[in-house]
Amino acid sequence: MAASVDNIRVITVLYFARLRETLGTGSERILLPAAVRDVEGVRALLVARGGEWEQALAPNRPVRAAVNQAVAHGDTPVADGDEVAFFPPVTGG
Amino acid sequence: MSAEIAALRRGRSAIGAVATFIGVVRDVNEGSAVAGMTLEHYPGMTEKAIEEIVSQAQARWNVLDTLVIHRVGRLNPADQIVLVVVASAHRGDAFAACEFIMDYLKTRAPFWKKEETGGGARWVEARESDDIAAGRWRLKG
């Protein structure tokens, strides 16, 4: 059976502050492999790019995440059309 | 600030206390002179995060009104970064809610400071003391 268009999941990923500078981009669209279901999966996908990505997003780095502009954790689900953001601990105020 | 407080108080005779906090850019941090800073934020999430923090404060204390203004972009030393105003019937609620909003804003609202020093620009590191300050409110719950 032909793959249905329903299986194609695209998310927008945003990067802020030091991460944005280190990675050299503030925003990109990513086609999600079928196995990627949550924030941890997206992060692992980015780490697999190697180089700066692997270093900046390594599991031991203090990276925070949001899904659709709400605080997220590793097991927060990610679905088609979601906006996923990665950023350092905040320093406002 | 006077104009903001006047607007908040106008016609509200139930207000018996107004607590305010102003955050200001210092000209020194971590031992280095600071010539200025740039505040980056996450448009959209920033507004939602502040609304959530304010609604939590309103759920915990008797608050009649609140105002939060946070600047973004480039700021010079002595510039005001953030203003929090809380109006309530009595001072206890106003003081506590104002401090709570600042503690939560510092650890949950998506803002990042980049300082300009003699050695170049550097991202400000998050402080553990800010997490501890925010954590106090959880324990009291």
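This is a predicted model: local features need pLDDT of at least 70, side-chain atom pairs count only at pLDDT 80 or more; totals for chains, interfaces and linings use all residues.

Modeller: Let's start with Ser88(B), which sits in strand S6 of chain B, the run covering residues 80-88. Ser88(B) has a relative accessible area of 0%, and since the cut-off for buried is under 20%, Ser88(B) therefore counts as buried. What does Ser88(B) touch, leaving aside its neighbours within four places in sequence? Its contacts there are Ala14(B), Ile15(B), Gly16(B) and Ala17(B), then Asn62(B), Val63(B) and Leu64(B), and finally Asp93(B) and Ala94(B).

Now for the interface. Chain A puts 20 residues into the contact and chain B puts in 26 residues. About 1,800 Å² is buried between chain A and chain B, with carbon and sulfur atoms giving 55% of that area. On the chain A side, the residues losing the most area to chain B are Gln69(A), Thr91(A) and Gly93(A), which together make up 37% of what that side buries.

As for polar links, 15 residue pairs are in polar contact across the interface of chain A and chain B, both partners being at pLDDT 80 or more. The salt bridge count between the two chains is 3. One salt bridge joins the side chains of Glu21(A) and Lys114(B), at 2.5 Å from N to O. Looking at the side of chain A that touches chain B, the elements giving two or more residues are helix H1 (17-23), strand S4 (70-72) and strand S5 (83-87) of chain A. H1(A) supplies the largest share, 4 residues. By type, that side of chain A divides into 11 nonpolar, 5 polar and 4 charged residues.

Key
Residues are numbered from 1 along each chain as its sequence is written. Chains are lettered from A and ligands numbered from 1 in the order in which they are written. Side-chain values use heavy atoms; hydrogens and water are left out. Contact means heavy atoms within 4.5 Å. Buried area is the accessible area (1.4 Å probe) that two parts lose on being put together, summed over both. A salt bridge is a side-chain nitrogen of Lys or Arg within 4 Å of a carboxyl oxygen of Asp or Glu. A polar contact is a pair of N or O atoms within 3.5 Å; within protein, one must be able to donate a hydrogen and the other to accept it, and residues adjacent in sequence count only if both atoms are side-chain atoms. Ala, Val, Leu, Ile, Met, Phe, Trp, Tyr, Cys and Pro count as nonpolar, Asp, Glu, Lys and Arg as charged, and the others, Gly among them, as polar. Buried means under 20% relative accessible area, exposed over 50%, partly exposed in between (1.4 Å probe, protein chains only).
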